[in-house]
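Visitor: I would like a close look at one part of this structure. Please take me through it slowly.

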Protein chains: 2
Amino acid sequence: MTEELETPPSLNEQFENLIHLEDKLRIREFLNNQNISDVAELVDEYDEFASQIIGNMSTHRAASVFKILDFSVQKDVIQELPPLKSAELLNELPADDRTAFLEELPSEVVKELIKTLDPEERRITLSLLGYPEGSVGRLMTPDYIAVNSDWTMAEVLEHIRDVGRDSETIDVIYVVNDKGEFVDDMRIREVILTNPEKVVSEVIDYRFIALNVNDDQEVANQIFRMNNRVALPVVDDQNILLGIVTIDDVLWVANEEFSEDIQRIGGTEALDEPYLEMPILKLFKKRVVWMVVLFIGEMLTATAMGYFEDEIAKAVVLALFVPLIISSGGNSGSQASTLIIQAMAVGEITISDWWRVLRREIISGILLGSVLGIIGFFRVVLWSQFFPDVYGSHYLMLGATVGVSLMGVILWGTLSGSMLPIFLKRAGADPAVSSAPFVATLVDVTGLIIYFSVAYFFLRGLML
Amino acid sequence: MTEELETPPSLNEQFENLIHLEDKLRIREFLNNQNISDVAELVDEYDEFASQIIGNMSTHRAASVFKILDFSVQKDVIQELPPLKSAELLNELPADDRTAFLEELPSEVVKELIKTLDPEERRITLSLLGYPEGSVGRLMTPDYIAVNSDWTMAEVLEHIRDVGRDSETIDVIYVVNDKGEFVDDMRIREVILTNPEKVVSEVIDYRFIALNVNDDQEVANQIFRMNNRVALPVVDDQNILLGIVTIDDVLWVANEEFSEDIQRIGGTEALDEPYLEMPILKLFKKRVVWMVVLFIGEMLTATAMGYFEDEIAKAVVLALFVPLIISSGGNSGSQASTLIIQAMAVGEITISDWWRVLRREIISGILLGSVLGIIGFFRVVLWSQFFPDVYGSHYLMLGATVGVSLMGVILWGTLSGSMLPIFLKRAGADPAVSSAPFVATLVDVTGLIIYFSVAYFFLRGLML
């Protein structure tokens, strides 16, 4: 017997064999023996069997797999499962994961699906979907353990044993007073490590961190990072406890938001499916819109250049530096705008900081512009020593034109690149939406005007 | 008494008063009554008092504040505290947070600081710093609760009560066998909700998710998202339990990695301090390097244009479309490269997918190029109807030149934009390092060559 024969078949091989046999019972048994995340990977790998896999699991485990699938697969599963099965699955899904799934669907479909929920789950779902998109309310789950502040630790532990199975987390216990107002939370460790006779109100210190239901999800991300918690309570403006948010949901949100930011900085609409799985026409549609918008903007460069056609005809050498100058402006603009977008995304900069940002970018722009302007000047002067024909006798003035234009264009790129994201945010738009390529386009057009104006100033009477 | 007088003074006001009084005892009392995260915010706000604030707290609370401060503030605090105090603080710091702090410092400083640690903490720290940067080992903490698989639940609970105070988390309990091999983990809820007489080995199912100590931190991020855990065990290749990683550390890593990616896409070295707090000269240094590198690359455009000077002199109109054509190539290149960088960052694409990516980008490039090429063609043709002088009688051929060049340049931009990040990763470099602006520069230079070659083909004998 060789060693290769002894290697147990991989999960994928086992699954392929079973699917081939079409033996429902054995498939079910096999799926029940796997980790949730392994099943989720099987679903990703064999998405044509996605609904079969989910349909063949116990509802509870099916829900655990379902909630970590990509949205596009989730949608297929819900469509393909028999109505009764998909209703069971939706009812079993934790409220926060259900909200995350439903908020991506068209509203007609949502209405249909909500009808299949039990009255209690329907009530919860409608109330969660009532909070604004991107708010903490949308991440919330009502499945937590709340205790009254006048219970003893023994009573708390008893209560945990009673209701713990249905709770999203029992790592943190929430303490409310008789009015339902939130007064503090306790780690489960405190409950276990404290004398069972003690009353909750003696143990807690009434110092707590809570999220407001209307807070932005980005705020939740920051608060979790700063506070080392696995779950945080969510209250309304009257401090009534509404639900909790767990850190794993925040990790998803952080990943999604950053991914969207990166895609938008690159000039694409945010993709809602993985790159390789997205149908190519859909991918094209997400990309072409911004490309066309930017292209139409860039067409202004041809118009702008048209105004300077006579100057170019007189001094063709001026045309040679057009790409260098506009791309340097574009680079400085993208650099500044991505810096500001990123700093706003992590909350380091708010709209009210615009003046501090502007001051810093004026200095940065002058410094960067000077360095590149000086390099550009010497590039022209040096070249003209080796190839005297190319730039002619006015090479010093041509060098000055290139150098000063670079300074102006780079300073202008830095300023518009840093201010545009702040203006967009101020106007209520997402600052990441194509800021970087949009700035590049803006700077291209204005850069040409700067360049030819500087050229007119330095070269009038010499070459122009 | 007006209502305004009744509002209690804000934390900041209280703090300012106390600092003014220089009453150490009252400052200490005040700080001990605040939330850790509130103290951290005070430190951020009044960073000139950072070391005073930290120095006036109990070592345990000081460590909790210290670990959530920005690295630049941490460094100042350690430098400014009396040596004894800073040694106490470093010893108290959880091992994972200590690693995170030390790995940012120059190695001479690390050596000095490590000398101040107790032998046990020194041993742990040296072993953690021994793992490669960016690996799971660097995130690990050895402060967890491990139990033997033949203990009863009552014994487990007893053990938790004994050692729980020193553990980073007691939400998850780790089960090892007599050889120290990891066999499973249990949520604390299982321990509480199970009959105390039961033996651990009867309760666990030996199905577990563990991280390998050499895994990339990005892998840890994915596994956490997929598995709904607050902490994961870390094992070596022999399955020996070495430590645990908690989800809050992963949230930090995710935020940092994405921030770095965005900064690099924008053509800046990753910033290690918040934008507004970074000294402006340091910010300039981070930005100027890539600007100069790209600028030197872009200087090739002037050289390339130089080769076509005669053609431009003959047909000045050709120069008018140079910005439009090269910037369209640049935009398609940045779009493709950011898409691929983002997909690689979240693990959707690996190097082995290069062929699938290439096929998709060929199709996308042809589609995008066709759309913009057609718009470009009609732009020239329409314009020449309104302004017959500008483009002359060969406007159809000029339109064809612009349209075909756009197609070629955009296809080329898409291909180089998508392949460059994959090549960089294959070569062991970070794909996000300035891919987008680098692609733009590459496409600018080659775009000019494509444009003038196409022009030569269509316009030879007509305008050239």
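Visitor: How many bridges join strand 2 of chain A to strand 3 of chain A, and how do the two run?

Guide: This is a predicted model, where local features need pLDDT of at least 70, side-chain atom pairs count only at pLDDT 80 or more, and totals for chains, interfaces and linings use all residues. Residues are numbered from 1 along each chain as its sequence is written, while chains are lettered from A and ligands numbered from 1 in the order in which they are written.

Now the strands. Five bridges join strand 2 (residues 172-176) of chain A to strand 3 of chain A. The two run antiparallel. Strands are DSSP runs (E, at least two residues), numbered from the N terminus. Two of them pair if DSSP finds at least two bridges between them. Look at one spot: Val176(A) stands opposite Phe182(A) in strand 3 of chain A.

Step back to the sheet. Three strands of chain A form an open sheet in the order 1-2-3, with mixed pairing. Its edges are strand 1 (146-148) and strand 3 (182-187) of chain A, and each pairs on one side only. Neighbouring strands of this sheet are turned by 35° against each other on average, direction ignored. For such angles, axes are lines fitted to C-alpha atoms, and angles run from 0 to 180 degrees between N-to-C directions.

Next, the whole chain. Chain A is divided into domain 1 (8-130), domain 2 (146-249) and domain 3 (275-459). These bounds come from an automatic or database domain assignment. The centres of domain 2 and domain 3 of chain A, taken over C-alpha atoms, are separated by 52 Å.

Definitions and conventions
Helices (H or I, at least four residues) and strands (E, at least two) are DSSP runs, numbered from the N terminus.
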